[in-house]
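Keep the viewer open while you read.

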Amino acid sequence: MKTGFHILVIGGGMVGACVAALAASNRHFADLRIAVLEAQPPTFPPPDATDDIDLRVSAISRASERVLSEVGAWQLLPRQHVSAYDEMIVWDAAGKARGAASIHFSAGESGEPNLGYIVENRRVLWSIYDSPAFRQRVTLLRGELTGLEFEDDRAVAVLSDGRRIEAALIVGSDGAGSLSRKLAGIQTKGWDYNQRAFVTHVGTEHPHQRTAWQRFLPDGPIAFLPLADGRSSIVWTTTPEHAERLVADAPEQVAKELALALDGTLGAVELAGPRGEFPLRLTHANEYCRERFVLVGDAAHAIHPLAGQGVNLGFLDAAALIEVLAEELDSGLSPTSLGERRVLRRYERWRKSENAVALGLVDGLNKLFGSRADTLGWARRAGLSVLDGSMLAKRFLMGRALGIRGAAPALVRTHR
Ligand SMILES: Cc1cc2nc3c(=O)[nH]c(=O)nc-3n(C[C@H](O)[C@H](O)[C@H](O)COP(=O)(O)OP(=O)(O)OC[C@H]3O[C@@H](n4cnc5c(N)ncnc54)[C@H](O)[C@@H]3O)c2cc1C
């Protein structure tokens with residue numbers, strides 16, 4: 001271990017970088033060597049030729065805000081790029097936005113200052129890389145993982161250029177197609193949704209009112225997410241053929257479709273950003289750990305984006321893993337034993353069940369709202385009305401969406 005690292009994170013996306021930053025800012029890891037291996041690290045300073053809002057944005061929960069604040073990253077996000085939203089309105093295609101078959105969440109009802117934020121993925125990433133603990137304590141290795149070897153007292157990451165990097169614990173955070181997961185011999189369950197997410201930004205005739213609007217259509221939901229500059233960010237889950245057309249068709253035609261898909265709720269629409277589309281898959285790893293290896297983020301679970309939970313679950317993984325490891329170090333565990341399966345199993349038991357609940361709920365919602373059966377249509381409209389009338393149920397759902405209910409990590413529960 002003299003030449004290697006105590007923790008080597010494979011994949012420095014938002015979740016992997018967060019694992020490293022959390023460890024680097026925790027006193028129990030003060031003397032430990034922490035590294036991130038990333039094939040394509042973000043460039044610094046940010047290549048801000050324009051200050052425009054990037055295509056890829058995420059709804060960031062209260063829990064994630066707290067995790068990012070803990071490492072000093074949240075404080076670095078430029079305020080004009082953090083779009084708080086106060087309301088969320090979800091409705092069935094057969095109903096109206098504020099009609100009977102709709103559900104309305106509001107920050108006021110939940111006793112929270114807002115329901116979350118829309119933030120560009122790249123700015124979240126930059127803020128973590130730029131956070132004090134990450135800059136001072138994390139070794140960033142540029143390179144591509146191609147192999148993993150496991151020995152009794154260490155794991156070895158083998159890179160495409162032949163470098164070999166030893167670590168007491170390897171954290172697999174290399175995204176939904178995770179090579180590290182495969183190399184560790186961990187299988188997954190899941191399926192393709194046969195849906196794609198079309199994304200762009202738009203201007204709208206009527207103001208978005210700091211509200212996230214989501215209408216469930218038979219081929220998938222369309223969401224208008226409010227941006228601080230008055231535009232809305234679109235995530236429209238639809239058939240692969242339709243998503244391809246939305247990327248290729250004339251802007252005026254697509255704008256009309258978008259306005260119609262939201263039932264004219266925000267009036268006329270104008271495209272105001274680049275366009276893209278992403279395939280959607282549900283993936284859940286059968287195991288989250290092996291001796292000296294553990295999975296976090298999309299490498300462990302990829303979820304349908306309709307509830308905006310993917311990276312939020314990943315940040316909770318990161319906080320839970322570091323909490324478990326810190327407790328073990330506090331109880332006298334040797335840093336070279338961080339990768340013991342007994343230790344990692346504590347994290348696995350905690351996060352695998354929490355993530356399974358989230359994956360199941362979101363998958364169920366996608367199926368329920370995607371069904372064209374009359375009986376299900378009636379049931380979901382009735383269900384939405386009943387839910388909308390129950391403050392208790394709404395508070396529960398908002399708490400889960402904010403990430404602060406359920407078995408949340410201590411730093412999320414006790415944050416001031
Ligand atoms: C359309 C859409 C909308 C979404 N909206 C939301 C939302 O509103 N809220 C939300 O919470 N989530 C959302 N998500 C999900 C969210 O984007 C993901 O959960 C999140 O990006 C996963 O982060 P990650 O760090 O786990 O993985 P990734 O972002 O995939 O990062 C993996 C990293 O590993 C690196 N890597 C891969 N292989 C190797 C290798 N062999 N060697 C070295 N490095 C490697 C990659 O370069 C990359 O940087 C959305 C997803 C989609 C598709």
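## Helix α1 against α9

Which residues in α1 meet which residues in α9? On the α1 side they are M14, V15, C18, V19, L22 and A23, and on the α9 side V311, G314, F315, D317, A318, A319, L321 and I322. By class, this contact has 12 nonpolar, one polar and one charged residues. Here "in contact" is a C-beta criterion: two residues qualify if their C-beta atoms, placed from the backbone, lie within 7 Å. As for classes, Ala, Val, Leu, Ile, Met, Phe, Trp, Tyr, Cys and Pro count as nonpolar, Asp, Glu, Lys and Arg as charged, and the others, Gly among them, as polar.

Some housekeeping: this is a predicted model, so local features need pLDDT of at least 70 and side-chain atom pairs count only at pLDDT 80 or more, while totals for chains, interfaces and linings use all residues. Residue numbers start from 1 along each chain as its sequence is written. Helices (H or I, at least four residues) and strands (E, at least two) are DSSP runs, numbered from the N terminus.

Now the geometry. The axes of α1 and α9 come within 9 Å and cross at roughly 25 degrees. That makes α1 roughly parallel to α9. Axes are lines fitted to C-alpha atoms, for helices over the stretch in contact, with angles running from 0 to 180 degrees between N-to-C directions. Angles under 35 degrees count as roughly parallel, over 145 as roughly antiparallel, 65 to 115 as roughly perpendicular, and the rest as oblique. The crossing of α1 and α9 is right-handed; that label applies if the near helix is turned clockwise from the far one by less than a right angle, and left-handed if anticlockwise.

## Helix α1 against α4

How do α1 and α4 lie relative to each other, parallel or perpendicular? Their axes are 9 Å apart and the packing angle is about 20 degrees, so the two helices are roughly parallel. α1 passes α4 in a left-handed crossing. M14, A17, C18 and A21 in α1 meet N121, V124, L125, I128 and Y129 in α4. By class, that contact has eight nonpolar, one polar and no charged residues.

Helix α4 spans residues 121-129, and its buried residues are V124, L125, W126, S127, I128 and Y129. A residue is buried if 20 or more other C-beta atoms lie within 10 Å of its own, exposed if 12 or fewer, and partly exposed in between, with C-beta atoms placed from the backbone. The buried residues of α4 pack against α1 (14-24), α2 (62-70), β7 (116-120) and α5 (132-137).

Eight of the nine residues of α2 are buried, so α2 is largely enclosed by the rest of the structure. The buried ones are R62, A63, S64, E65, R66, V67, L68 and E70. Just after α2, G72 takes a positive phi of about 80 degrees.

α2 and α9 pack at about 45 degrees, with axes 9 Å apart. That makes α2 oblique to α9. The crossing of α2 past α9 is left-handed. A63, S64 and V67 in α2 meet N312, F315, L316, A318 and A319 in α9. This contact has six nonpolar, two polar and no charged residues by class.

## Around the ligand

How many residues surround the ligand? There are 32, and the closest are G11, G13, G175, G297 and G310. The test is a C-beta atom, placed from the backbone, within 6 Å of the molecule. Elements giving two or more residues to this shell are α1, β2 (34-38), β3 (57-60), β12 (188-204) and α9 (310-330).

α9 gives the most, with four residues. By class, the shell has 14 nonpolar, 14 polar and four charged residues.

R292 has a positive phi of about 70 degrees although it is not a glycine. It lies in the loop between β18 (289-290) and β19 (293-295). R292 is buried, because 24 other C-beta atoms lie within 10 Å. R210, in the loop between β12 and β13 (211-217), also has a positive phi, near 50 degrees. R210 counts as partly exposed because it has 15 C-beta neighbours inside 10 Å.

R342 is found in helix α10 (residues 341-370). With 11 C-beta neighbours inside 10 Å, R342 counts as exposed.
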